[in-house]
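Here is a short briefing on one protein chain. Look at the structure first, then work through the points by topic.

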Amino acid sequence: MTIPSDDIAVQKDKSSQSLTPSSFEEKSRIKSSIPLSSGDRGEPYLQVDNVHKNFGQFVALKDIYLDVYPGEFVCLLGPSGCGKTTLLRIIAGLEQQTSGRVIQAGKDVSRLPPAQRDFGIVFQSYALFPNLTAAQNIAFGLQNAKLPKQEINTRVEELLKTVGLEGFGVKYPSQMSGGQQQRIALARALALSPGLLLLDEPLSALDAKIRVKLRTEITQLQKQLGVTAIMVTHDQAEALAMADRIVVMDKGYIAQIGTPRVVYQRPNTPFVADFIGVMNFLSGVAVTAEEVRCGNLLLKTPPEDITPNSPVKVAIRPEDIQVLQTSSDSTNLPNVLNAEIEGIEFLGSIYQLILRPEGDGKDGKEQLTCEVSLQVARDLDFALNSSLRIQLPPELIRVFPAK
């Protein structure tokens with residue numbers, strides 16, 4: 001697995017399901033040329049160079065630069081209308097950019113039709129041929145490539161085994177579940193051992209449990225095959241769980257690129273902070289490079305290059321707010337304040353509390369969401385309208401210019 005050098009994060013254990021390598025997988029590994037170490041990713045496999053896309057007067061994409069390295073799993077993440085699907089379609093050749101270039105494996109493919117580009121694609125709607133069996137769907141591209149029949153049959157069986165659907169080759173799409181259909185669509189996309197796998201919201205049509213299971217299987221398979229992959233999604237949890245790097249898009253431009261941990265913990269803008277996960281915001285005014293005043297509260301913050309007396313937004317994640325169980329816990333701690341509990345939600349493994357911090361200077365209009373473990377909840381035995389003592393750890397706060 002290629003680990004981007006800016007964040008050698010603790011890797012998730014994805015070994016719960018073993019997929020046996022085959023000759024097809026070995027060919028894919030050779031083709032993708034995965035770097036052996038995280039410190040040397042080699043040359044980018046795919047380069048998107050200053051791509052713009054206009055639809056009449058509407059600017060769908062602007063100033064898009066993106067390098068994707070061999071063996072990476074990159075997620076294009078953003079709200080509806082941000083341009084992520086348009087970018088994927090331009091990479092595939094299904095949409096023509098207004099200007100800019102797309103370079104794949106050192107070759108400028110900017111003006112090539114889809115049939116002359118080296119990729120496989122999986123759509124949200126599966127796009128299987130309903131009148132063909134699973135095996136015939138997988139074999140479709142192989143037959144168009146005029147491969148020998150025996151080689152086609154062997155490859156189809158390998159792919160069915162790879163996606164965990166041995167024995168399903170004789171079934172029609174209507175006889176399979178949504179998750180099984182999506183696996184067949186994935187196998188079909190991989191049939192010609194493409195250098196690039198494109199996934200256009202492949203899990204959004206599935207129910208929650210199947211979606212979680214299949215996303216694990218897709219990432220396991222992608223790593224075993226070594227294929228470079230780009231996936232479009234609007235689901236933050238999906239991107240955080242699957243991606244080596246996330247490309248956060250907003251209104252046609254790239255807001256931030258980074259590993260899931262970097263994007264989540266160190267967002268560049270209020271938009272990224274608010275879109276990825278849940279974020280609390282408090283309005284304030286910068287006092288110094290390391291202090292912000294929010295109403296009557298003077299909060300210590302990490303050093304930021306922000307002009308004193310300028311309006312700012314103080315941001316902190318719900319799980320980063322510390323609930324202090326005794327008065328001694330707050331001794332010599334910065335950013336300790338009282339807060340009234342205005343809402344309590346039980347979410348199974350945690351309680352989510354809606355808090356109104358005292359002294360925020362906004363007549364109680366600003367709130368904080370805080371996550372509390374079951375153990376802490378039992379110890380505190382809190383109730384609506386009661387008061388808590390909390391701390392906002394300075395090192396976990398982000399400060400953004402208000403504009």
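The model is predicted.

**The chain as a whole**

- The chain has 403 residues, and buried residues make up 50% of them.
- Consider the contacts in the chain with a separation of 6 or more: residues 24 or more positions apart account for 69% of these.

**Cysteines**

- How many disulfides are there? The count comes to zero.
- A disulfide is a covalent bond between the sulfur atoms of two cysteines.
- Is Cys75 buried or exposed? Cys75 is buried, because its relative accessible area is 0%, and buried means under 20%.
- Cys370 also has a relative accessibility of 0%, so Cys370 counts as buried.

**Helix 2, an enclosed helix**

- Helix 2 covers residues 84–92.
- Seven of its nine residues are buried, so helix 2 is largely enclosed by the rest of the structure.
- The buried residues of helix 2 are Lys84, Thr86, Leu87, Leu88, Ile90, Ile91 and Ala92.

**How helices pack**

- Two packed helices are described by the angle between their axes and the distance between the axes.

**Helix 3 with helix 4**

- Helix 3 spans residues 134–144, and helix 4 spans residues 149–162.
- Their axes come within 10 Å and cross at roughly 130°.
- That angle makes helix 3 oblique to helix 4.
- The crossing of helix 3 past helix 4 is right-handed.
- Which residues meet? From helix 3 come Ala135, Ile138, Ala139, Leu142 and Gln143, and from helix 4 come Ile152, Arg155, Val156, Leu159 and Leu160.
- By class, the residues of this contact of helix 3 with helix 4 are eight nonpolar, one polar and one charged.

**Helix 3 with helix 5**

- Helix 5 spans residues 178–190.
- The axes of helix 3 and helix 5 come within 7 Å and cross at roughly 25°.
- Why is helix 3 called roughly parallel to helix 5? Angles under 35 degrees count as roughly parallel, so the crossing at roughly 25° makes helix 3 roughly parallel to helix 5.
- Helix 3 passes helix 5 in a right-handed crossing.
- On the helix 3 side are Ala134, Asn137 and Ile138, which meet Ile184, Ala187 and Arg188 of helix 5.
- The contact of helix 3 with helix 5 has four nonpolar, one polar and one charged residues.

**Helix 5 with helix 6**

- Helix 6 spans residues 208–225.
- Helix 5 and helix 6 pack at an angle of about 20°, and their axes are 11 Å apart.
- That makes helix 5 roughly parallel to helix 6.
- Helix 5 passes helix 6 in a right-handed crossing.
- In helix 5, Gly179, Gln182, Arg183, Leu186 and Leu190 take part in the contact with helix 6.
- Their partners in helix 6 are Ile210, Lys213, Leu214, Glu217, Ile218, Leu221 and Leu225.
- The residues of the contact of helix 5 with helix 6 divide into seven nonpolar, two polar and three charged.

- Most residues other than glycine have a negative phi.
- Tyr126 is not a glycine, yet has a positive phi of about 70°.
- Where is Tyr126 found? Tyr126 is in the loop between strand 6 (119–122) and helix 3.
- Tyr126 is buried, with a relative accessible area of 11%.
- Ser193 is not a glycine either, and has a positive phi of about 50°.
- Ser193 lies in the loop between helix 5 and strand 7 (196–200).
- Ser193 is buried, with a relative accessible area of 9%.

**Tyr65 in strand 2**

- Strand 2 covers residues 58–68 and includes Tyr65.
- Tyr65 is partly exposed, with a relative accessible area of 47%.
- What does Tyr65 touch, leaving out residues up to four places away in sequence? Tyr65 touches Val48, Asp49, Asn50, Ile254 and Ile257.
- Tyr65 and Gly100 are 35 residues apart along the chain, and their C-alpha atoms are separated by 9.3 Å.

Terms used:
Residues are numbered from 1 along each chain as its sequence is written. This is a predicted model: local features need pLDDT of at least 70, side-chain atom pairs count only at pLDDT 80 or more; totals for chains, interfaces and linings use all residues. Side-chain values use heavy atoms; hydrogens and water are left out. A disulfide is a pair of cysteine sulfur atoms within 2.5 Å. Buried means under 20% relative accessible area, exposed over 50%, partly exposed in between (1.4 Å probe, protein chains only). Axes are lines fitted to C-alpha atoms, for helices over the stretch in contact, and angles run from 0 to 180 degrees between N-to-C directions. Helices (H or I, at least four residues) and strands (E, at least two) are DSSP runs, numbered from the N terminus. Angles under 35 degrees count as roughly parallel, over 145 as roughly antiparallel, 65 to 115 as roughly perpendicular and the rest as oblique. A crossing is left-handed if the near helix is turned anticlockwise from the far one by less than a right angle, and right-handed if clockwise. Contact means heavy atoms within 4.5 Å. Ala, Val, Leu, Ile, Met, Phe, Trp, Tyr, Cys and Pro count as nonpolar, Asp, Glu, Lys and Arg as charged, and the others, Gly among them, as polar.
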